[in-house]
Structure formats: C-alpha cells, structure tokens
Amino acid sequence: MDFTPTEEQEAARELAGRIFADLATHERLRAAGTGTDAELWKALCAAGLPGAVEETGLLGLVLLLEEQGRRTAQVPFAASCVYGILAVARHGTEEQRSRLLPGLRDGTTVVTGALPAPGAVTSCDGGRLSGAVGWVPWLRDATHVLVPDEDRVLWLVRTEDAAAVEAVELTAPWAAARLVLDGTPAERLGQGGPSSHDDVLAAARIAFAGLQAGVCAGSLARAVEHTSVREQFGRPLSTHQAVQLRAADAHMDTEAIRVTAYEAAWRFDEGLDASGAALTAAWWASEAGKRVVHAGQHLHGGTGADLDHPVHRHFLWGRQLDAYLGCGTELLAELGDLLAIGDLS
C-alpha cells in the first residue's frame, strides 16, 4: 500500500488548509456559536473542494478533513461528502447521480446521515418512513438526510418533508437536530440493500476518523506552542520531562489515528474489503482521540479550563467524535463479531 498523496490530493489539501486557516479563526468560530459558518461553507464550495472528492476518493477526503479538524471548522463538510457525494456516486442510480451531484458539488444541496440508527425507522407503503432518531449531525443545515430503515435499506428524505426537525445541542457545535418521521415520503438510494448501508457506514467511520486525526493534531500543536512559551521555575514547561512524555504519547496516539484512517481509506478506494480496517480506524479515533484531547487540555494547565480558549474547542470535538458512530467498546464488539465468523481481512 502507498499512502503518498497524488498531485490532485495534495493540491486539494493545500487549498483546503489555506481556506480553513484564513476563515476558521478563533474569532469567527466564537461568533458562529453552535451554528455553521455559512461564509466558510460558501468558500469551500466555490473552490470546488466537495466536488474534488469524486476524483480524490475517500483518502483525499480524509486529507481534507484533517485540515478541517485542525481548525475545528464548523461546516458540514464531512457529512455532505460522505453521506451525499460518495454515497450517491457509489450507490445512486444514474438518474440520481445526474440530479443530485451538481447541487452537492456547489453546496446548494447538503446531505447528512442518520447512521447508525438500527431499528429506529421503519418503512411501509413503498417508501414512507416513520420513526425518530435522537440526534443527527448538521441536520439543521441539511436539505436531505440519508436514513436507514429496519432492513438497512438507505432512503433519502428531504428535511422539509420531515414531521419535525428539533434542534438539539451536542458536546460539539455540529448544528444537530432530532429527526422525526411520520409517514414521510422518501426516495430509495439506488437499488442496494444492507451492503450499501454497510459501505456507507464504513466510509463514514473512516472519514470521521480522519477528522479526529486533525482535531488531535490541532490540539497537540496548541499544547506544544503553549508549553514552549509558558515558564515554570525559570524555564519553559516543554523542557520538563513529564510534559515531554505526555506530549510524546499524544503524538503517537495521533499518528496511530492518522495511519489507520489512511490504511482504511486506501483499502476502500482500491475496492478491497475495508470493514475491519474501518472499525480499527474508528476504534483508534475513539480511544486514542479522547486521550489526546484530554492531554492537550491538561498541558495548558489552568488555561485549559477556560471555556473560551481555542484548545477547549478541540476537547469538545474530540469527545463528540469519541461517541459518534460507535464508542470504543461497541467497535471492539463489532470487530469481535467479524473475527468470530472469519470475515476480517
């Protein structure tokens, strides 16, 4: 396997990095509250970055999400790319692709996903859904939501057709909402069944693991900067062995999240079985991710307890990503099931 980015992937990552650095500043994030930065989302779409994912693949998306995570930029980039562009491109019909992809590329269509939600929604009458999902990330900004039914068939629902979209606040500012469906009309995504559901869920786990890698890298970078200038007993905190060891452990955890996300994304793009690799990447993102953001906050000392400090935002995102799409013990249980049936490559 080769994780070296292609020229297209590297160019997209550099462009994303510049846009996030310019617009996802601490002052703008604070002004955005828990909502989306509409100007930033418009800039990303104008630059063609969501549409670039069709060419750069899931590994390219992971690289872009690392840049988002470094800045904890409040845009539905991960959700709309993985539940929208990749899901429609891989599993939609030709008609769905021609109708939906242009809007997904330019940002006028935003898709999020109510995954995983086993048994929460049922379908009847040829495509009417009923049920409720407690919270869906970025649902307040979405035009569509990808919903699995009790048989793991994927359906696209227009948010304006939902019985209710009730705003909820999460640990991280993800513009989330509770989704309520009551005989709501839905459009089946392609003709796939459980295999399409599992493919989209694996892609989501890999993508959000890449986002976690960026969140952790950003948290660690802030900790390194802080401990390099903050002095104790006449010398920088970074010269103390205990601080160095804590930062080194956080660095190794961050690299583990990154490399497992890269491997899983590479397998996915190559058409190989990525189910086990996706669970492995998600487990590292959950377990190691929370260690890193706790370390980042701890290394800031009393400053890390300031809710308005930028490092606290990394802490909130890291803890939210720890829980999203399955926490560590749940993911290990799924890996164990794959091992038990000999379906782990």
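Predicted model: local features only at pLDDT ≥ 70, side-chain atom pairs only at ≥ 80, totals over all residues.
Local features need pLDDT of at least 70, side-chain atom pairs count only at pLDDT 80 or more, and totals for chains, interfaces and linings use all residues. Residues are numbered from 1 along each chain as its sequence is written, and side-chain values use heavy atoms, with hydrogens and water left out.

Student: How many helices and strands does the chain have?
Tutor: Helices (H or I, at least four residues) and strands (E, at least two) are DSSP runs, numbered from the N terminus. On that basis the chain comes to 11 helices and 10 strands.

Student: Why is the chain described as being as compact as a globular protein of that length?
Tutor: The radius of gyration is taken over C-alpha atoms, and the globule rule is 2.2 Å times the number of residues to the power 0.38. For 345 residues the rule gives 20 Å, so the chain is as compact as a globular protein of that length, its own radius of gyration being 20 Å.

Student: What percentage of the residues is buried?
Tutor: Buried means under 20% relative accessible area (1.4 Å probe, protein chains only). Of the 345 residues in the chain, the buried share is 55%.

Student: Which residue stands opposite Val133?
Tutor: Two strands pair if DSSP finds at least two bridges between them. Strand β3 (residues 128-136) pairs with β7 (residues 177-185) in the antiparallel sense over seven bridges. In β7, the residue opposite Val133 is Leu179.

Student: Which residue takes a positive phi in the hairpin of β2 and β3?
Tutor: β2 (residues 121-124) and β3 are antiparallel, with four bridges. Three residues lie between these strands, and the one with a positive phi near 55° is Asp125.

Technical notes:
Buried < 20%, exposed > 50% of the residue type's maximum accessible area, 1.4 Å probe, protein only.
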